Amino acid sequence: MTKERSCCGPTCCGDDAPSAITVATPALAATPPDKGETVRAIVRERYTSAAERAAEGHQASCGCGTTCAAPDAQVWDPITVDLYEQGQLEGIPAEALLASLGCGNPTALAELQTGERVLDLGSGGGIDVLLSARRVGPSGKAYGLDMTDAMLALARQNQQRSGLTNVEFLRGEIENIPLPSKSIDVVISNCVVNLSADKPRVLREAFRVLAPGGRFAISDIVLTGDLPPQVRESVALFTGCVSGALTEDEYVAHLGAAGFGEISIEPTRVYERGDAQALLEAAGLPLDPLLDQVTGRVMSAFVRAKRPIGS
């Protein structure tokens, strides 16, 4: 029996067409509060569904990627597949991997050191927090921040299963980080910043909590060119981490405006024609003419920056 989900992906909305909300990429000005609340509600609902799937032992969908599939369905999407090497996952609870909805592996690229304090923005089921906690060791600490109660409950269960004690999960929004200024050495995140309706504020908050010399080292979806309006307005592709993403130039501008230096964006995977087709079909959008306009314009990337010493 298939359990109904309340997410808005094209495969789980029954006979109702996915609703539409225009979520344009923000300029340097902040997003109006009403739009921000609407976006947060949509994201919270969809990621609650993903947490429930993982807690029941199924691969999560309804997050970054293509679909909200039935619990017994085989889920594949071009964004979330094959992010972690098997050797990294020893001792990590299976439920944490099932709930993974990221687009990269920031813990492998952040060069975490023993004793560092790490914050994961949008920590989901906790896999990157647990991997970070192992890397920084007992003298360090890994925080996870998430606004979804179901994800926090799943993450805390996964922490108990892992036996790691240098971990703390916090409830809150990435636009309002509930930690003191200059209290973190490394901010990581895995395909979450693109989901915020106020990305400049997220980057300013990351800068605030980092200690001088601290590192911003995240995986995210980044655009290499503008997407057509029909794609930008797709709720399925917004919650799927595509249509709300920043372009490379916008990312660099927002990070610089927040105060960061040593900014770099390194592509880790560019989504080509077959990937773009999978994303558009799952969102219920026509391939003609959108496929040519999306192919090669979406990529997973590692975004690095530093808070200057003395700032």
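Visitor: Which residues have the most contacts inside the largest nonpolar core?
Guide: This is a predicted model. Its largest nonpolar core has 31 residues. Those with the most contacts inside this core are Leu119, Val187, Phe216, Tyr251 and Phe260.

Visitor: Which element gives the most to this core?
Guide: Strands S1 (117–121), S2 (141–146), S4 (184–189), S5 (210–223) and S8 (298–306) each give two or more residues. So do helices H6 (199–209) and H9 (248–258). With five residues, the element that gives the most is H6.

Visitor: With which residues is Tyr251 in contact, leaving aside its neighbours within four places in sequence?
Guide: Tyr251 is one of the residues with the most contacts inside the largest core. Leaving aside neighbours within four places in sequence, its contacts are Val193, Leu203, Ile218, Asp220, Ile221, Val222, Leu246, Ile265 and Val303.

Visitor: How many residues does the second, separate core have?
Guide: The second core includes Ile221, Tyr271, Leu279 and Leu285. In soluble globular proteins, nonpolar side chains tend to be buried together. The residue count of this second, separate core is 29.

Visitor: Why is helix H4 largely enclosed by the rest of the structure?
Guide: H4 covers residues 127–136. Its buried residues are Ile127, Asp128, Val129, Leu130, Leu131, Ser132, Ala133 and Val136.

Visitor: Which residue follows H4, with a positive phi?
Guide: The phi after H4 is near 75°. The residue with this positive value is Gly137.

Visitor: How many residues apart in sequence are the parts that Glu168 and Lys141 tie together?
Guide: Glu168 forms a salt bridge with Lys141, with the closest N and O atoms 2.8 Å apart. Glu168 lies in strand S3 (residues 167–171) and Lys141 in strand S2, so the pair ties together parts separated in sequence by 27 residues.

Visitor: In which helix do Arg208 and Glu205 both lie?
Guide: The side chains of Arg208 and Glu205 meet in a salt bridge, 2.8 Å from N to O. They are three residues apart, about one turn of the helix. An α-helix has 3.6 residues a turn, so residues three or four places apart point the same way. The helix that holds both Arg208 and Glu205 is H6.

Visitor: Is Glu205 buried or exposed?
Guide: Arg208 is partly exposed, at 25% relative accessible area. Glu205 has a relative accessible area of 13%. The cut-off for buried is under 20%, so Glu205 is buried.

Visitor: How many residues apart are Glu266 and Arg304?
Guide: The side chains of Glu266 and Arg304 meet in a salt bridge, 2.8 Å from N to O. The pair links distant parts of the chain, with Glu266 in strand S7 (residues 261–270) and Arg304 in strand S8. Their separation is 38 residues.

Visitor: What is the relative accessible area of Arg304?
Guide: Glu266 is partly exposed, with a relative accessible area of 34%. Arg304 is partly exposed too. Its value is 29%.

Visitor: What percentage of the chain's residues count as buried?
Guide: The chain has eleven helices and eight strands. Its residues number 311. The buried percentage is 58%.

Key
Residues are numbered from 1 along each chain as its sequence is written. This is a predicted model: local features need pLDDT of at least 70, side-chain atom pairs count only at pLDDT 80 or more; totals for chains, interfaces and linings use all residues. Side-chain values use heavy atoms; hydrogens and water are left out. A nonpolar core is a set of buried Ala, Val, Leu, Ile, Met, Phe, Trp, Tyr and Cys residues joined through side-chain atoms within 4.5 Å. Buried means under 20% relative accessible area, exposed over 50%, partly exposed in between (1.4 Å probe, protein chains only). Helices (H or I, at least four residues) and strands (E, at least two) are DSSP runs, numbered from the N terminus. Contact means heavy atoms within 4.5 Å. A salt bridge is a side-chain nitrogen of Lys or Arg within 4 Å of a carboxyl oxygen of Asp or Glu.
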